[in-house]
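Subject: Structure handover

Hi,

Here is the structure you asked about. My notes on what turned up in it follow below.

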Amino acid sequence: MSDHKITTTHHTSTSLDALGEGMSILGQRQATIPVGGKIRSGIKVLTRAAAENELAQDIYARGVAAGASFDVIEKRLIAECKFERSPLTPRNVPYFTVRRSDFSMPEVADMIMDKYGESRDGDDGVKHLYRFPVIFPMDSWAAVMPHALRAYSRSGLLFWSEYGADGTRYCKTRGEVKVDPSAKRAVRVFGGRPVMLRAENDGRCEPERCPQYQRRECNFSGQILFFIPGIPGSSAISLATNSIYSMQQARQTLEMVSFLRGGRISGTHNGKPIFYITKKREEVSMLDPETGQAKRVMQWLINLEADIAMDRVFAETEDHQQIAGGASAAALLGGPDTSDDDYPPLSGDLDD
């Protein structure tokens, strides 16, 4: 995204060197990290009507066993069973879904399940991914938690939110491609279609006045990007979520650890992972779309845990502060350094 003038511009990745400047829905803007696979937070199951169809049951079971995406399974169900409506419905479950089709290297999905999958009571011996460690590749929570309000059409992303340098949340879309009248063909655009402000609302993202948001076509969309210890690969793995509750909790956890570790959330602590991702059943508030009244419902939410001994972190932080303070005092008492040797400065990182 661009942090320059809020005018028509080309859509490019955020510079990683500029993280910490700008804003997003949760506070700061986000950068792009290469992703090589996806872990999903939920599943889809057959609707009651579809579950009565034996052929649908067979197609669904074979698709799930083969690790096919639910989009592929749904298309097969519609094509072979002639369903007029979607035969699948989302289901909130206490575990995550790991499918071979969601990874550029399908064998990575097998490795994750072999290493971290487990069978709990009621699973009938089937392994599920309930809890797993993660390592973040950067020290900016905004970079490892990209998010926005997004509206999709059948052809792809239609509108999305971005914060401008003035702190205003804008609604972006892609401009039309011009047609060369002499050649009677679309003009090739270097760098892809131009990005521009949406015409409505002076380009501002205002959900209360947005028809797509009010029709639930535009929603909060985010993901958490990480590496998993013991799983090879140079690209990160993503965990997508539409729950702002989950993202807010994860942000709070990352900010707390960042404060304790002198701004660091990446890497390990004493050679061990700091963070674990699991699910937690919580009561959340939501508006009834029919009555507009708030109601409380129970949901399985993504939960980011910090598995770290806080007393040791505090002690190490105090030790480093004392060492740094002692070095400064010694420098003042000893006067200017006249030696020819170059000594590296003391690091404030706890893992050094």
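Asp124 is exposed, at 74% relative accessibility. Exposed means over 50% relative accessible area, buried means under 20%, and partly exposed is in between (1.4 Å probe, protein chains only). Asp124 sits in the loop between helix 4 and strand 5 (132–134). Its phi is near 55°, a positive value in a residue other than glycine. Most residues other than glycine have a negative phi. Arg216 also has a positive phi, of about 65°, and is not a glycine. Arg216 is exposed, with a relative accessible area of 52%. Its place is the loop between helix 6 (211–214) and strand 12 (218–226).

Before you go further, a note on the source. This is a predicted model, where local features need pLDDT of at least 70 and side-chain atom pairs count only at pLDDT 80 or more, while totals for chains, interfaces and linings use all residues. Residues are numbered from 1 along each chain as its sequence is written, and side-chain values use heavy atoms, with hydrogens and water left out.

Overall picture

The protein chain has eight helices and 15 strands. Helices (H or I, at least four residues) and strands (E, at least two) are DSSP runs, numbered from the N terminus. Of the 352 residues of the chain, 38% count as buried. Take contacts between residues at least 6 apart in sequence: 63% of these join residues at least 24 apart. Contact here means heavy atoms within 4.5 Å.

Nonpolar cores

How many residues does the largest nonpolar core have? It has 47. A nonpolar core is a set of buried Ala, Val, Leu, Ile, Met, Phe, Trp, Tyr and Cys residues joined through side-chain atoms within 4.5 Å. Ile39, Ile112, Phe132 and Phe226 have the most contacts inside the largest core. Leaving out residues up to four places away in sequence, Ile112 touches Ile39, Val98, Phe103, Gly117, Leu129, Ile228, Ile231 and Ile237. Another core, of 17 residues, lies apart from that one; Ala50, Tyr60, Ala68 and Leu77 are among its members. In soluble globular proteins, nonpolar side chains tend to be buried together.

Leu239

Leu239 is in strand 13 (residues 236–241). It is buried, at 0% relative accessibility. Its contacts, not counting residues up to four places away in sequence, include Ile39, Phe96, Phe226, Ile277 and Ile302. Leu239 and Phe226 are 13 residues apart along the chain, and their C-alpha atoms are separated by 8.5 Å.

Arg281 lies in strand 14 (residues 275–287). Arg281 is partly exposed, at 44% relative accessibility. Not counting residues up to four places away in sequence, Arg281 touches Met298, Gln299 and Trp300. From Arg281 to Trp300 is 19 residues in sequence but 4.3 Å in space, C-alpha to C-alpha.

Ser140 is in the loop between strand 5 and helix 5 (141–144). At 12% relative accessibility, Ser140 is buried. Ser140 and Leu254 are 114 residues apart along the chain, with their C-alpha atoms 8.9 Å apart.

Cysteines

A search of the whole structure finds zero disulfides. A disulfide is a pair of cysteine sulfur atoms within 2.5 Å. Cys210 is in no disulfide; its nearest cysteine sulfur, that of Cys218, is 5.3 Å away. Cys210 is buried, with a relative accessible area of 11%. Cys81 is buried too, and its relative accessible area is 14%.

Second largest pocket

This pocket holds about 640 Å³ of space. It has 24 lining residues; closest to its centre are Val64, Thr97, Val98, Lys127 and His128. Strand 3 (43–46), helix 2 (54–65) and helix 4 (107–116) are the elements that give two or more residues to the lining. By type, the lining divides into 15 nonpolar, three polar and six charged residues.

On terms: the search uses a 1 Å grid over the protein atoms alone, and a pocket is an open set of points where a 1.4 Å probe fits, with protein on both sides within 12 Å along at least five of seven lines. Lining residues have an atom within 4 Å of a point. Grid points are joined across faces, edges and corners, and a volume is the space filled by probe spheres set on the points. Ala, Val, Leu, Ile, Met, Phe, Trp, Tyr, Cys and Pro count as nonpolar, Asp, Glu, Lys and Arg as charged, and the others, Gly among them, as polar.

Best wishes
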